[in-house]
Amino acid sequence: MLARRLPSILPDLTFEEALEITKIHSISGLLSENVPFIFKRPFRSPHHTITETSLVGGGRIPKPGEISLAHYGVLFLDELPEFNKSTLEVLRGPLEDKTVTISRVDFSTTYPCNFMFIASMNPCPCGYYGSTEKQCTCKEEQIQKYIHKISGPLLDRIDIHIEVESVNYQKLGNTSPSESSNEIRKRVNKARHIQLNRYKDYHIFSNSELTPALISKYCKLSPKSKQILETAFNRLGLSARAYSRILKVARTIADLDNSQHIQTHHLAEAIQYRSLDRKYWHR
Amino acid sequence: MLSIVKSIALHGLQGYLVNIQVDISAGMPAFEIVGLPDTSIRESKERVKTAIRNSTLEFLSRRIVVNLAPASTKKEGSIFDLPIAIGILIATGVISDKPLDNTIFIGELSLDGSIGSVKGVLPICIEAKRLGIKRIILPKANAKEACIIKEVEMIPVSDLNEIISYLNGDIIIPKEKTLEFTSNINSDYEFDFSEVKGQENVKRALEIAAAGGHNCLLIRKSWLWENNASTQTPLYFTRFNF
C-alpha cells in the first residue's frame, strides 16, 4: 500500500515536536522502558469500526483519542466511506483548529491534534467505477450514497486529492528499481528545513499551519498566477477554504523546488490536486 | 504529627503542584483521604497500608488524615501512593524529617512494597522543571522516559525500603543518565517506496503532503490496484516467528 509507505518519507522531528508527541503518549500510557521517547512521527490507522469518542478522545476523565495520538504524525483512514458518517464529521473542527477541547461534567481539557489526514477510498461500493478493465455494477443511487458519506466540508479540508490508477502487467513485471524512500525523504527534509527557518518566529513547523495573515505574507502571487487562480476558482466552484489550501500546497511545491516565490507552474500543480471533487462529487 | 510531601498531578497535559499533608494524631484508629480523591486514590489506602506492613515496618493504629491540597480539584490515578506512604513514614518518624521542599514524589505502590510505573511522567517532569523543582523521585520503570529533562535530578527507586534508606542518607542512588535527542535515529522502515512500480503521480502527491504536512485523499480507480497491494502481503507473514 502506498499510504503505509508514507512514514518512510516523513521529515525528521524537531525536539519540540518530539517532546509534544511524547507527552501525549506518556499520559496515554504508551511508553515503556524499551520505547521511552518517541523519535519517529506517529502513524495511526484505526479500523473503520472506531467510535467518535476513541477518535477525538473522551471518557469521564477525557483521554486523548487517535487524532491526538497522531499529533505531528499521520492519521490514516483506510476505506473512508466505510466509517460511520457521524464519526467522520467530528473531524471537521480538529482538522481546522489543530486542537480539540473535550468537555465532560467534572473536567474539560484541550489536546493538540496537528496531524496529517491521509485517507483512501474506492469510488463506489463495488470498486470498479471509472475502471477501464471491468464494468461497474453499482446503481447510480448506490454510488451517490457511498460517495456522499464524505461531506463537502470534510472534503474541503483535504488539500490534495489524487486518483490512484491501476498498474498494468508490464509495469508490475518491470524490475528496474524505482526511487527509494531515502532519496525522497532527503528532498522532503530539505523542503521542511526551508519552512522551519522561514517560520521560526511564529512557532509553527510547516506550511499546513499557516494562518491567513501568514498566507498573505508568504504566499504572494504574480499577476499571471492570480489570473490562473481566478479562472480555476470560478470554473471549479472552489470555496474560500479551498483557496487558502491551494496557496499552502503551492507554497510547499515551491519549497520542494527551492524557489523563493510561487511560480505559475507551482500554482497550477496545486490547483490540479483540487479538481477531483468536481469529477466525483459534483457530477 | 504533621508532614507535608509534594507531588504533581495532571489536568490533561498540564501539571499542577499537589501538597500531600499527612496528620497522625491520637484517637480511634482510622485512615482518611480528603481533597476530592477518586476511586483509584481512595483504594490507595489499602495499598499504602499493606505495602508499609510488608516492608517489615509497623503501620501505627492511630488516626491518620491525608489531605491532597488544593482540595477543590478532583484528582485521579495511583500516582499519589508513594507520596502518601512517604508522608506517613515521615509523620511516624521512620524517615528523618528533613526539608523536602525541592523534591517531588510520584509512583504507585504494590502490596509487597515495590514501586510500579505510572502514566504521564513526562508532562509531570516538564511542570517540575517549570516550578524549579530540583529532584524527582520516581519509579524505576519510568526513569528512562523522564531523563530527557536535563535540569531536574531524576532518582529511580524500585521499592519502599530502598527509598527509606535513601532519604535517611544510608545509601546513595545514582541519578538517571540524561538522554540526548537525535532527530534521525535510524531509517529502517518496513516498507519502502522503491517497491512500488509506477504510480509516479501518487508518489509525487505524497511527497508534497509529507513536505508541507498537507492532508491527502487517495481515490482508487481500479481493481488492479488492489492486486498490487496484495503482492506485499507475504511480508506480513514473514515478519513474525511462529
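Which residue in E10(B) stands opposite A:Val164? In this predicted model, the residue facing A:Val164 is B:Arg220.

Strand E8 of chain A, residues 160-164, pairs with E10(B) in the parallel sense, and the pairing runs over 5 bridges. Besides the pair already named, A:Ile160 stands opposite B:Cys216 in E10(B). This pairing belongs to an open sheet of 5 strands, with parallel pairing, whose order is E1(A)-E4(A)-E7(A)-E10(B)-E8(A). Strand E1 (43-44) and E8 of chain A are at the edges with a single partner strand each, so one side of each has no neighbour in the sheet. In the order of the sheet, E10(B) stands between E7(A) and E8(A).

H7(B) lies across strand E7 (116-121) and E8 of chain A, together with E10 of chain B, and runs at about 155° to E8(A).

**The side of chain B that touches chain A**

The contact draws 82 residues from chain A and 55 residues from chain B. Several elements of chain B supply at least two residues each to this side: strand E1 (2-11), helix H4 (121-131), helix H5 (140-146), helix H7 (200-212), strand E10 (216-220) and helix H8 (223-230). H7(B) gives the largest share, 10 residues. By residue type, the side of chain B that touches chain A consists of 29 nonpolar, 16 polar and 10 charged residues.

H4(B) can be followed in more detail. Its buried residues are B:Val121, B:Leu122, B:Pro123, B:Ile124, B:Cys125, B:Ile126 and B:Ala128. What do the buried residues of H4(B) pack against? In chain A the partner is helix H1 (15-27); in chain B the partners are E1, strand E2 (14-25), strand E5 (103-105), strand E8 (135-139) and H5. Just after H4(B), B:Gly132 has a positive phi of about 80°.

**Chain A as a whole**

Chain A has 14 helices and 8 strands. Its radius of gyration is 20 Å, close to the 19 Å that the globule rule gives for 283 residues, so chain A is as compact as a globular protein of that length. The C-alpha trace of chain A spans about 50 × 45 × 45 Å along its principal axes. Of the 283 residues, 42% count as buried. Among contacts in chain A between residues at least 6 apart in sequence, 69% join residues at least 24 apart.

**Confidence**

The model scores ipTM 0.94 and pTM 0.89. The chain averages are set out below.

| Chain | Mean pLDDT | Residues at pLDDT of at least 70 |
|---|---|---|
| Chain A | 89 | 96% |
| Chain B | 86 | 89% |

Within chain A, confidence is highest in helix H3 (residues 66-69), at a mean of 96, and lowest in helix H8 (residues 169-173), at 65. In chain B, the pLDDT is below 50 over residues 223-242, a stretch that has 15 contacts in the model beyond near neighbours in sequence. Where pLDDT is low, the predicted coordinates should not be read in detail. Helix H8 (223-230) of chain B, one of the elements that supply the side touching chain A, calls for that caution.

Technical notes: Residues are numbered from 1 along each chain as its sequence is written. Chains are lettered from A and ligands numbered from 1 in the order in which they are written. This is a predicted model: local features need pLDDT of at least 70, side-chain atom pairs count only at pLDDT 80 or more; totals for chains, interfaces and linings use all residues. Helices (H or I, at least four residues) and strands (E, at least two) are DSSP runs, numbered from the N terminus. The radius of gyration is taken over C-alpha atoms; the globule rule is 2.2 Å times the number of residues to the power 0.38. A residue is buried if 20 or more other C-beta atoms lie within 10 Å of its own, exposed if 12 or fewer, and partly exposed in between; C-beta atoms are placed from the backbone. Two residues are in contact if their C-beta atoms, placed from the backbone, lie within 7 Å. Ala, Val, Leu, Ile, Met, Phe, Trp, Tyr, Cys and Pro count as nonpolar, Asp, Glu, Lys and Arg as charged, and the others, Gly among them, as polar. Two strands pair if DSSP finds at least two bridges between them. Axes are lines fitted to C-alpha atoms, for helices over the stretch in contact, and angles run from 0 to 180 degrees between N-to-C directions. pLDDT is the predictor's confidence in each residue, from 0 to 100.
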